[in-house]
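Take a look at the charged pairs, the core and the surface of the structure below. A short report on each follows.

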Amino acid sequence: MTEQDKQGAFGGEAESGRVSDTQHTSQPAAKMTRKNKLIVVGVVAAVLVAAGAGFWVWHEQPSFCNAICHSPMDKYVETYYEGDQGKLVTAHAEAGDACLDCHEAEITTQVSEVMAWVSDSYPMSEDGLLATGKEFATEEFCTNGDCHNMTDVVNSTWGFAGNDEKYNPHSSHQDNNLECGDCHKVHETSTLYCAKCHDMNLPEGWEATNE
């Protein structure tokens, strides 16, 4: 065998070795690429799940209402946080109840609210509340589900606010002609209907009715 033949033979073996090495190194690289893709997909999925969960938690908070709907809800959210004992919303806030605990997010209601917001067709009163707001504080609504039990309410309000024990606004001589909302105002100052005729102590923050 000539020197050239030897070099050719050895060169071929070397070249073959280099090809083999390349093949061996490319396989782990391919595996690493697939592994990296799985990691990226997993991270993205985790981020989306966390973001979705965070958004849902925020959706349950009062701040969501005026952050999305702005001006119509500003006053309502403000009263939720201001701590005014004369407003029914304060008692609910202190109990840990949020907007959606009373205002159920029914799809038909939400669609109509979005349409009103987009068209800017929601008349506002001078105090910053919706002029056409729905009256929620009815006895049927307030005693619905796990909210208030009217028997317990009556039993706990004899001699309320330091008045004589014979007085109870929830067991009055009005023959049930009054609704909860006639006295209890959620986002406005509550008024004691009884004080229209009787000289009585008012609950903290309340006003005597002028109606």
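This is a predicted model: local features need pLDDT of at least 70, side-chain atom pairs count only at pLDDT 80 or more; totals for chains, interfaces and linings use all residues.

Lys87 is buried, with a relative accessible area of 11%. Buried means under 20% relative accessible area, exposed means over 50%, and partly exposed lies in between (1.4 Å probe, protein chains only). Salt bridges that share partners join Lys87, Glu82 and Asp84 into one network. A salt bridge is a side-chain nitrogen of Lys or Arg within 4 Å of a carboxyl oxygen of Asp or Glu. Side chains of opposite charge can pair when their charged atoms come close.

Residues are numbered from 1 along each chain as its sequence is written, and side-chain values use heavy atoms, with hydrogens and water left out.

How many salt bridges does a search of the whole structure find? The search finds three.

| Salt bridge | N to O distance |
|---|---|
| Glu82 and Lys87 | 2.6 Å |
| Asp84 and Lys87 | 3.9 Å |
| Glu78 and Lys75 | 3.9 Å |

Glu78 and Lys75 both lie in helix α3 (residues 71-82). They are three residues apart, about one turn of the helix. Glu78 is partly exposed at 43% relative accessibility. Lys75 also counts as partly exposed, at 25%.

Now the chain as a whole. Its secondary structure comes to eight helices and two strands. Helices (H or I, at least four residues) and strands (E, at least two) are DSSP runs, numbered from the N terminus. The order from the N terminus is α-α-α-α-α-α-α-α-β-β. Buried residues make up 18% of the 211 residues. The chain exposes about 14900 Å², and carbon and sulfur atoms supply 56% of that area. Accessible areas come from the Shrake-Rupley method with a 1.4 Å probe; for residues, only the protein chains shown count as cover.

Which residues form the largest nonpolar core? There are seven: Phe160, Cys183, Leu192, Cys194, Ala195, Met200 and Trp206. A nonpolar core is a set of buried Ala, Val, Leu, Ile, Met, Phe, Trp, Tyr and Cys residues joined through side-chain atoms within 4.5 Å. In soluble globular proteins, nonpolar side chains tend to be buried together. Leaving aside its neighbours within four places in sequence, Ala195 contacts Leu202 and Ala208 (contact means heavy atoms within 4.5 Å).

Lys196 sits in the loop between β1 and β2 (207-208). Lys196 is partly exposed, at 44% relative accessibility. Its C-alpha atom is 6.7 Å from that of Ala208, 12 residues apart along the chain.

Ile39, Val43 and Val47 make a nonpolar surface patch of about 260 Å². Patches are made of residues with over 30% relative accessible area and no salt bridge; like charges are joined within 9 Å, nonpolar side chains (Val, Leu, Ile, Met, Phe, Trp, Tyr) within 5 Å. Val43 belongs to helix α1 (residues 3-59). Its relative accessible area is 48%, so Val43 is partly exposed.

One backbone detail remains. Ala161 has a positive phi of about 50°, although it is not a glycine. Ala161 lies in the loop between α8 (150-155) and β1 (191-192).
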